[in-house]
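User: I have a chain on screen and would like to go through it with you. Could you take my questions one at a time?

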Amino acid sequence: MSTVAAESLPPGFASELERKYFWWEADGTQPRSVLRVLAQAMNFASFEDVLRLETALGPYRLSDVMLTAEPGWISERSWEFWRGRLVRATGQVIP
């Protein structure tokens, strides 16, 4: 189970990321999960937002997002970018 919880984020941070990185309406009546929003932000983040994500979540929680994201949420290019940063910061194995 993911350790990334909405309560552990700065107030309004997930909502801000969702407004910025989702340009389509959510499917159905359920809101998007925080994990989905963070994965989408990691996939499309500007370098400024990369630094904000690292500050707000820290490398271990960002690694958790990567390891619990569903296939297709993070592109190969973004995966390699984040994997390089997070393996170096945490020493964790990220495939």
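User: Is arginine 83 buried or exposed, or in between?
Analyst: This is a predicted model. In it, arginine 83 is partly exposed, with a relative accessible area of 27%.

User: Which residue does arginine 83 form a salt bridge with?
Analyst: Its partner is glutamate 80, and the closest N and O atoms are 2.9 Å apart. Glutamate 80 is partly exposed as well, at 43% relative accessibility. As a general point, an α-helix has 3.6 residues a turn, so residues three or four places apart point the same way.

User: How many salt bridges does the whole structure have?
Analyst: The search finds five. One of them joins aspartate 49 and lysine 20, at 2.7 Å from N to O. Aspartate 49 lies in helix α3 and lysine 20 in helix α1, so this pair ties together parts that are 29 residues apart in sequence.

User: And how accessible are aspartate 49 and lysine 20?
Analyst: Aspartate 49 is buried, with a relative accessible area of 1%, whereas lysine 20 counts as partly exposed at 47%.

User: What ties helix α4 to helix α3?
Analyst: A salt bridge between arginine 85 and glutamate 54 does, with the closest N and O atoms 2.6 Å apart. Arginine 85 belongs to α4 and glutamate 54 to α3, so the pair links parts that are 31 residues apart in sequence. Arginine 85 is partly exposed at 27% relative accessible area, and glutamate 54 is partly exposed at 21%.

User: Which residues do salt bridges with shared partners join into one network?
Analyst: The network consists of Glu16, Lys20, Asp49 and Arg52.

User: Which helices do the buried residues of α3 pack against?
Analyst: They pack against α1, α2 and α4. The buried residues of α3 include Asp49, Val50, Leu53, Leu57, Gly58 and Leu62.

User: Now the nonpolar core. Which residues touch the most other members?
Analyst: In the largest nonpolar core, which has 26 residues, they are Leu17, Leu38, Met42, Leu53, Leu57, Met66 and Trp82. Helices α1 (13-21), α2 (34-44), α3 (47-68) and α4 (76-90) each supply at least two residues of this core. The helix that gives the most is α2, with seven residues.

User: What does tryptophan 82 touch?
Analyst: Leaving aside residues up to four places away in sequence, tryptophan 82 touches Met42, Val50, Leu53, Glu54, Leu62 and Met66.

User: Finally, the overall picture. How many helices and strands are there?
Analyst: The chain has four helices and zero strands. Of its 95 residues, 39% count as buried. Among contacts between residues at least 6 apart in sequence, 61% join residues at least 24 apart.

Note on methods: Residues numbered from 1 in each chain as written. Predicted model: local features only at pLDDT ≥ 70, side-chain atom pairs only at ≥ 80, totals over all residues. Heavy atoms only, no water. Core = buried A, V, L, I, M, F, W, Y, C linked by side-chain atoms within 4.5 Å. Buried < 20%, exposed > 50% of the residue type's maximum accessible area, 1.4 Å probe, protein only. Contact = heavy atoms within 4.5 Å. Salt bridge = Lys/Arg side-chain N within 4 Å of Asp/Glu carboxyl O.
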